[in-house]
Amino acid sequence: MFLSWLLLLAGSVLTVFGTPVDQGSHFLDKRATDKVSAAWYAGWHSEDFPLSKVSWEKYTHLIYSFAITEPDVHTISLSGSDGKVLPQFVKTAHENGVKAILSVGGWGGSQWFSSNVGSAKNRTAFVKTVTDFATKYDLDGLDFDWEYPGEQGIGCNVVSPHDTNNFLSFLQELRADPIGEKLILSAPTPVTVWSDASGNPSTDVSGFADVLDWIEIMDYDVWGSWDSTVGPNSPLNDTCAPAADQGGSAASAAKLWEAAGFPSSKIVLGVASYGHSFFVPASDAFTCAGCSTLKAFPAYDAAKQPLGDKWDNLTNVDQCGAVSGPSGVFDFFGLIDGGFLNPDGSVASGIDYRFDSCSQTAYVYNATSSVMVSFDNAQAFAAKGNFIKSSNLRGFAIWEAGGDSNDILLDSIRKAML
Ligand SMILES: *[C@@H]1O[C@H](CO)[C@@H](O)[C@H](O)[C@H]1NC(C)=O
Ligand SMILES: *[C@@H]1O[C@H](CO)[C@@H](O)[C@H](O)[C@H]1NC(C)=O
Ligand SMILES: *[C@@H]1O[C@H](CO)[C@@H](O)[C@H](O)[C@H]1NC(C)=O
Ligand SMILES: *[C@@H]1O[C@H](CO)[C@@H](O)[C@H](O)[C@H]1NC(C)=O
């Protein structure tokens, strides 16, 4: 039984009593579980990563990103996300038996959530805005990526101490709507629980669990160029790290959300097909001069932020108009393009490597360019898949579908989780 499952999951041809039975589609393993295998599809990368490159048969849900909030509560906008692709996205998803979800908000698109749900009148109007949108595009669900209720995100969001309560009232009204009642409703969250009116993590979010199908805990950007040392982008665990380096993790976040009333069966783990890069001089990178072992949490030179892969720019301008240097983000495919990894995902020759046993994530380092990258490889995704399974979480959602290469990450997490 176990062996046939493995074979089936690998999508191979099963031999029963000597007769080859082509399993054909991958739909069988979708039906066998209500686990969520999802990814966000970034509309603005659709030229490099067209719909035809999505491995639809390996997903249960794909989430188009983003429709952004607008000052006018009667509108959400697809500007900046190659919105013309959305109808074809939904059609292709449906042809493949995949649920098509639209994500509203995102880091750059959450500016007006607070005012859109800021009064009873606005909530009613916003319910109509999003349900009309869902009907127009034949969507199966809506994903509310508010970064973050009750807290400033990108820098120019409207924020109110009542955000989390208003968000809940809005979702309750949406769920009670005849269209909203049939939609899959989800919400990405940070690794800490949404703030309450006093600015502390909410202690009871069970009301959200009643109206949402699930949350996706965004276990990424836990570490980046805003921290004083290199650290894991997407830690599975952090309680095993030195006290000063416990910045949140999949394990601690799931625990926090569960303690606040969110059942594990409604928690999807948000995982990253990208990593963050840092400029680390060789004198700081290794445990000793002449050693080849990479140091954990080394210092780095923030003034020399490396440029990431082809999806990064030397200068980035955000939705608030703030100008910054490169993000330094390397997608998994970008680590292959950049010479850190071989096309099969193994470490390229001449590159130093460390797999951190606490965060269960990988590091690569090019001593010539001084570039160190914290990222998830197949081993890290397998560890997360095992964690999802052993903790009875609902599944995974990858930011973003196009970051992978040859499904190395996707196949690894599915194999471990299913
Ligand atoms: C309601 O929405 C309008 C824009 O449509 C906005 O001007 C107003 O400030 C919002 N009300 C609240 C209380 O946020
Ligand atoms: C996290 O680390 C702690 C030790 O600090 C350990 O007890 C726990 O099992 C680990 N959790 C996971 C999911 O690895
Ligand atoms: C880089 O620039 C392009 C074109 O302006 C933009 O679409 C993209 O979002 C930028 N990348 C980042 C990481 O901001
Ligand atoms: C390391 O970086 C140097 C300088 O940018 C580059 O020439 C070299 O190809 C890189 N090494 C590998 C293995 O990619």
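A polar contact is a pair of N or O atoms within 3.5 Å. The views below show a predicted model.

**View 1. Residues surrounding ligand 1.** In this predicted model, the residues around ligand 1 are P71, D72, V73, S115, G118, S119 and N122. Sorted by class, this shell comprises two nonpolar, four polar and one charged residues.

**View 2. Polar contacts of ligand 1.** An oxygen atom of ligand 1 lies 3.3 Å from a polar backbone atom of S115. Because a polar contact requires N or O atoms within 3.5 Å, this pair at 3.3 Å qualifies. At V73, a backbone N or O atom is found 3.1 Å from an oxygen atom of the ligand. N122 contributes a polar side-chain atom, located 2.4 Å from an oxygen atom of ligand 1. On its own, ligand 1 exposes 360 Å², of which the protein buries 51%.

View 3. The side chain of N366 places an N or O atom 2.4 Å from an oxygen atom of ligand 4. At G339, a backbone N or O atom lies 3.4 Å from an oxygen atom of the ligand.

Notes: Residues numbered from 1 in each chain as written. Chains lettered and ligands numbered in written order. Predicted model: local features only at pLDDT ≥ 70, side-chain atom pairs only at ≥ 80, totals over all residues. Heavy atoms only, no water. Near = heavy atom within 4 Å. Polar contact = N/O pair within 3.5 Å; in protein donor to acceptor, adjacent residues only side chain to side chain. Areas by Shrake-Rupley, 256 points an atom, 1.4 Å probe, with all protein chains shown as cover. Nonpolar A, V, L, I, M, F, W, Y, C, P; charged D, E, K, R; others polar.
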